[in-house]
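Biologist: Please take me through this protein chain, from its pockets to its packing.

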Amino acid sequence: HYLVGTGSTDPIFQVDPIDWAYRYTGDKNSNPLPQLIEDERAIGDVSFHRNRLALAGDENIILSQAGDFFNLFVEDPENIGDADPIDIALSSDEITIIQHIIPFRKALTIFTKVGRQFELNAPETLTPNTAAITPSTAYNSIANVRPVTLNNNLYFPAKRTATTELRE
């Protein structure tokens, strides 16, 4: 479901179901649902990044078709295009359940429950072929506090032995 704003002077909101795009090409083998949706895992965070809807859950991130937020299927399974959805998983030597995904500069910063941070980025254009997740930092961030961007900085709380610090 999502909110729809209407009205000219006084805002009025209604909640409508999302009209997800259908799979028009291929089948469940050649054009499958993203792993997160197929396995019916919980979605832990939602964001927008570089003209795509981003959904995160467990160790996976899905980015919709570019400019088509509710389309999670490729146009042509035989030829993956630049605008097609991205379905990518974190790779680490420990379990890295995603807590928050925050667009920051040209990357999507990923905060995990174990205090590891990653970045999903691409050299220029974000496509299924250029998207990569790389480890960035390992601060013991506080998982239940959402990081915040302010101007050109990203702030998040991190645990220390007897105190909490604000990381920039």
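This is a predicted model: local features need pLDDT of at least 70, side-chain atom pairs count only at pLDDT 80 or more; totals for chains, interfaces and linings use all residues.

Modeller: Residues are numbered from 1 along each chain as its sequence is written, and side-chain values use heavy atoms, with hydrogens and water left out.

Biologist: What is the volume of the largest pocket?

Modeller: On a 1 Å grid over the protein atoms alone, a pocket is an open set of points where a 1.4 Å probe fits, with protein on both sides within 12 Å along at least five of seven lines. A volume is the space filled by probe spheres set on the points. For the largest pocket, that volume is about 240 Å³.

Biologist: Which residues are closest to the centre of the largest pocket?

Modeller: Lining residues have an atom within 4 Å of a point. Strands (DSSP runs of E, at least two residues, numbered from the N terminus) that give two or more residues to this lining are S8 (107–112), S9 (117–121), S10 (132–137) and S12 (153–159). Of the 17 lining residues, the closest to the centre are Phe 104, Thr 109, Glu 119, Leu 154 and Phe 156.

Biologist: Which residues of the largest nonpolar core touch the most other members?

Modeller: A nonpolar core is a set of buried Ala, Val, Leu, Ile, Met, Phe, Trp, Tyr and Cys residues joined through side-chain atoms within 4.5 Å. Buried means under 20% relative accessible area, exposed over 50%, and partly exposed in between, with a 1.4 Å probe and protein chains only. Of the 17 residues in this core, those that touch the most other members are Ile 61, Ile 101, Ile 110 and Leu 120.

Biologist: Is Ile 101 buried or exposed?

Modeller: Ile 101 lies in strand S7. Leaving aside neighbours within four places in sequence, its contacts (heavy atoms within 4.5 Å) include Val 46, Ser 47, Ile 61 and Ile 110. Because its relative accessibility is 0%, Ile 101 counts as buried.

Biologist: Where is Ser 64 found?

Modeller: Ser 64 is buried, with a relative accessible area of 0%. Ser 64 is found in the loop between S5 and S6.

Biologist: Why do Phe 48 and Phe 69 count as edge-to-face?

Modeller: Rings of Phe, Tyr and Trp (its six-membered ring) pair if their centres lie within 6.5 Å; planes under 30 degrees apart count as stacked, over 60 as edge-to-face and the rest as tilted. The structure holds five aromatic pairs. In Phe 48 and Phe 69, the ring centres are 5.0 Å apart and the planes are at 65 degrees, so the pair is edge-to-face.

Biologist: How many residues apart in sequence are the parts that Phe 111 and Phe 156 tie together?

Modeller: Phe 111 is buried at a relative accessible area of 2%, and Phe 156 is buried at 6%. The centres of their rings are 5.0 Å apart, and the planes lie at 65 degrees, so this pair is edge-to-face. Since Phe 111 lies in strand S8 and Phe 156 in strand S12, the pair ties together parts whose separation in sequence is 45 residues.

Note on methods: Helices (H or I, at least four residues) and strands (E, at least two) are DSSP runs, numbered from the N terminus.
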